[in-house]
Amino acid sequence: MKKRFTIPLFERPALLIFICCLALASVSLPTVAQTRVITGTIKSQEDNQSVAGANVLAKGTATGTITDVEGHYSLSVPPETEILVFSFIGLLTQEVEIGERSIIDISLPVDSKQLAEVVVTALGFERDKKSLGFATQAVSGDVLQKAPSASIVNSLSGRVVGMQVISSSVPGGSPEFVLRGFSSV
């Protein structure tokens, strides 16, 4: 019969230190906070229709998403997020407290203020077209409304010379605008 040779734990100081550190780390490390998923639907209060392309943003973070064609959204937010901001052009922006809810359906009222004409350039926004020192193209809202696409963003494709709109392959992802070969937005 073979004799087993064992060394007691206290005679291996490196192993003892490792086990003590491991025990302390497992007790003292805080649990990793997990994100929570908030889902819901956004509708227009005026006609109770779903709002496609509305913005949903976790206030105080860069975490956000847009609604799909049926007005549905799903957003993973950090646990410390308390407020969601809902916005869409022509509708009033609303901030809603999350609380313990995981489903938040909202209806946005119509913004009665008239929008001023704003020109979006690669360098920013210009409020006065006369101050622009280069050629511009405009696409009116009437043209976009008559477009067969469900998304205003996709309606822009083919309407501005040199601009392509590339849809995201990820559900709920943002489209990419390519202006004359360069990613601009």
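Colleague: How many salt bridges does the count come to?

Modeller: One. Some ground rules before the details. This is a predicted model, where local features need pLDDT of at least 70, side-chain atom pairs count only at pLDDT 80 or more, and totals for chains, interfaces and linings use all residues. Residues are numbered from 1 along each chain as its sequence is written, and side-chain values use heavy atoms, with hydrogens and water left out.

Colleague: What makes lysine 59 and glutamate 95 a salt bridge?

Modeller: Their closest N and O atoms are 2.9 Å apart. The rule wants a side-chain nitrogen of Lys or Arg within 4 Å of a carboxyl oxygen of Asp or Glu. So the pair passes.

Colleague: Which parts of the chain does the pair tie together?

Modeller: Lysine 59 is in the loop between E2 and E3, and glutamate 95 is in strand E6, so the parts tied together are 36 residues apart in sequence. The E labels mark strands, which are DSSP runs of E, at least two residues, numbered from the N terminus.

Colleague: What joins E2 to E5?

Modeller: Four bridges, in the antiparallel sense. Valine 56 stands opposite phenylalanine 86 in E5. Strand E2 (residues 55–58) also has two faces: Val56 and Ala58 are covered, Asn55 and Leu57 uncovered.

Colleague: What is the strand order in the open sheet of four strands?

Modeller: E3-E2-E5-E6, with antiparallel pairing. E3 and E6 are called edge strands: each pairs on one side only. The twist averages 15° from one strand to the next. Such angles run from 0 to 180 degrees between N-to-C directions, with axes fitted as lines to C-alpha atoms (for helices, over the stretch in contact).

Colleague: Why is the pairing in E4-E1-E7 not simply antiparallel?

Modeller: The pairing in this open sheet of three strands is mixed. Its edge strands are E4 and E7, each pairing on one side only. Here the twist averages 35°. E1 and E7 pair in the parallel sense over three bridges. In E7, serine 107 is the bridge partner of lysine 43.

Colleague: Why does serine 44 count as buried?

Modeller: Serine 44 has 9% relative accessibility, so the buried label holds. Serine 44 is in strand E1 (residues 36–44). Beyond four places in sequence, its contacts include Leu91, Ser107 and Val110. Contact means heavy atoms within 4.5 Å.

Colleague: Why is the pair of tyrosine 73 and phenylalanine 86 called edge-to-face?

Modeller: The count comes to one aromatic pair. Its ring centres are 5.7 Å apart and its planes stand at 65°, so tyrosine 73 and phenylalanine 86 are edge-to-face. The rule takes rings of Phe, Tyr and Trp (its six-membered ring) with centres within 6.5 Å; planes under 30 degrees apart are stacked, over 60 edge-to-face, the rest tilted. The partners lie in E4 and E5, 13 residues apart. Tyrosine 73 is at 4% relative accessibility and so counts as buried. Phenylalanine 86, at 0%, is buried as well.

Colleague: What stands out about phi of asparagine 48?

Modeller: Phi is near 60°, a positive value in a residue other than glycine. Most residues other than glycine have a negative phi. Asparagine 48 is in the loop between E1 and E2. At 52% relative accessibility, asparagine 48 counts as exposed.

Colleague: Where does pLDDT stay under 50?

Modeller: Over residues 28–32, where the model has zero contacts beyond four places in sequence. pLDDT is the predictor's confidence in each residue, from 0 to 100. The chain mean is 75, and 60% of residues reach 70 or more.

Technical notes: Buried < 20%, exposed > 50% of the residue type's maximum accessible area, 1.4 Å probe, protein only. Pairing = 2+ DSSP bridges.
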